[in-house]
Amino acid sequence: MYQKYKNAELVKPGGLDLKDRLVGVQRVTKVTKGGRAFGFSAIVVVGDEAGVVGHGLGKSKDVSSAIAKAVEDAKKNLVRIPLLKGTLPHAQKGKYGGARVNIIPAAPGTGVIAGGAVRTVLEAVGVHDVLSKSQGSSNPHNAVKATFDALLQLRDATVIAKDRGISLDKLFKG
């Protein structure tokens, strides 16, 4: 799922204290010749609030099993996100479909300034101080995926120094 991000580190759910957060539940209708068949689709974000997060989609005829399926799907897609003192290492933009998300690190005490689906993802990651702007589509599915796009592009200073083959001191003095 995250092949296009070379620094996306997939994480196994074993041993993690994961908390699931419901982003949204939609009632969906399939029109057949016998009438309408109702079902539910749920999108869930799970995270340990310490840099590991995943999202999942579940569909079923009833709400509770749709949510359970979404949680299981989210646990299969866990990734580690670099954090720096309760915020992000740098500002980043992400997009998916018609949704665009800008996330910007903030000073301690700022809180999570984000709305809807973006807030849910950032809280599940464990970010305490961040500014964000969501533009375009407010569809929760696309907003979650755009936020993940931005988070997966984040890189820690140690990773950048290793990629360039230089020390951290040289990275910041250069």
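I started with V63, which sits in helix α1, residues 63-75. This is a predicted model, so I'm reading everything below as a prediction. V63 comes out partly exposed, at 32% relative accessibility.

**S60**

Next I went to S60, in strand β4 (residues 52-60). Buried or exposed? Its relative accessible area is 18%, and the cut-off for buried is under 20%, so I have S60 down as buried. Its side chain makes a polar contact of 2.5 Å with the side chain of S65. Leaving aside neighbours within four places in sequence, I listed G39, F40, S65, A66 and K69 as contacts of S60.

**The cores**

I wanted to know which residues of the largest nonpolar core touch the most other members. They are V53, I81, I103, L122 and L151, out of 27 residues in that core. The elements giving two or more residues to this core are β3 (35-47), β7 (99-105), α2 and α3 (140-152). Helix α3 gives the most, with seven residues. A second, separate core has eleven residues, including V44, A66, A70 and A74.

Apart from residues within four places in sequence, L151 is in contact with I81, L88, I103, V121, L122 and V125.

**Helix α2**

How many of the ten residues of α2 (residues 116-125) are buried? I get seven, so the helix is largely enclosed by the rest of the structure. The buried ones are A117, V118, T120, V121, L122, A124 and V125. Just after α2, G126 takes a positive phi of about 110°.

**Salt bridges**

A search of the whole structure gave me four salt bridges. I took E49 first: E49 pairs with R21, with the closest N and O atoms 2.4 Å apart. That pair links distant parts of the chain, since E49 is in the loop between β3 and β4 and R21 is in strand β2 (residues 19-32), 28 residues apart. E49 is partly exposed at 32%, and R21 is partly exposed at 22%.

R21 also has a salt bridge with E123, 3.3 Å from N to O. Here the pair spans 102 residues, from strand β2 to helix α2. E123 is partly exposed too, at 27% relative accessibility.

Then I checked R119, which forms a salt bridge with E123 at 3.1 Å between the closest N and O atoms. R119 and E123 are four residues apart in helix α2, so about one helical turn separates them. R119 is partly exposed, with a relative accessible area of 31%. Shared partners join R21, E49, R119 and E123 into one network.

**Positive phi**

Most residues other than glycine have a negative phi, and I flagged two residues here on that account. E49, already noted for its salt bridge with R21, has a positive phi of about 60° and is not a glycine. K85 is the other entry, with phi near 55°. K85 is in the loop between β5 and β6 and is exposed, with a relative accessible area of 79%.

**H90**

I stayed in that loop for H90, which lies between β5 (79-80) and β6. H90 is partly exposed, at 25% relative accessibility. Which residues does H90 contact, leaving aside those within four places in sequence? I found I103, P105, Q153, L154 and R155. For R155 there is a polar detail: its backbone nitrogen lies 3.1 Å from a polar atom of the H90 side chain. I also noted T147, which is 57 residues from H90 in sequence and 14 Å away in space, C-alpha to C-alpha.

**Q92**

Last stop was Q92, in strand β6 (residues 92-96). Q92 counts as buried at 17% relative accessibility. What does its side chain have for a polar partner? I found the side chain of Q153, with a contact of 3.0 Å. Not counting residues up to four places away in sequence, Q92 touches V101, N102, I103, A150, Q153 and L154.

Definitions and conventions
Residues numbered from 1 in each chain as written. Predicted model: local features only at pLDDT ≥ 70, side-chain atom pairs only at ≥ 80, totals over all residues. Heavy atoms only, no water. Buried < 20%, exposed > 50% of the residue type's maximum accessible area, 1.4 Å probe, protein only. Polar contact = N/O pair within 3.5 Å; in protein donor to acceptor, adjacent residues only side chain to side chain. Contact = heavy atoms within 4.5 Å. Core = buried A, V, L, I, M, F, W, Y, C linked by side-chain atoms within 4.5 Å. Salt bridge = Lys/Arg side-chain N within 4 Å of Asp/Glu carboxyl O.
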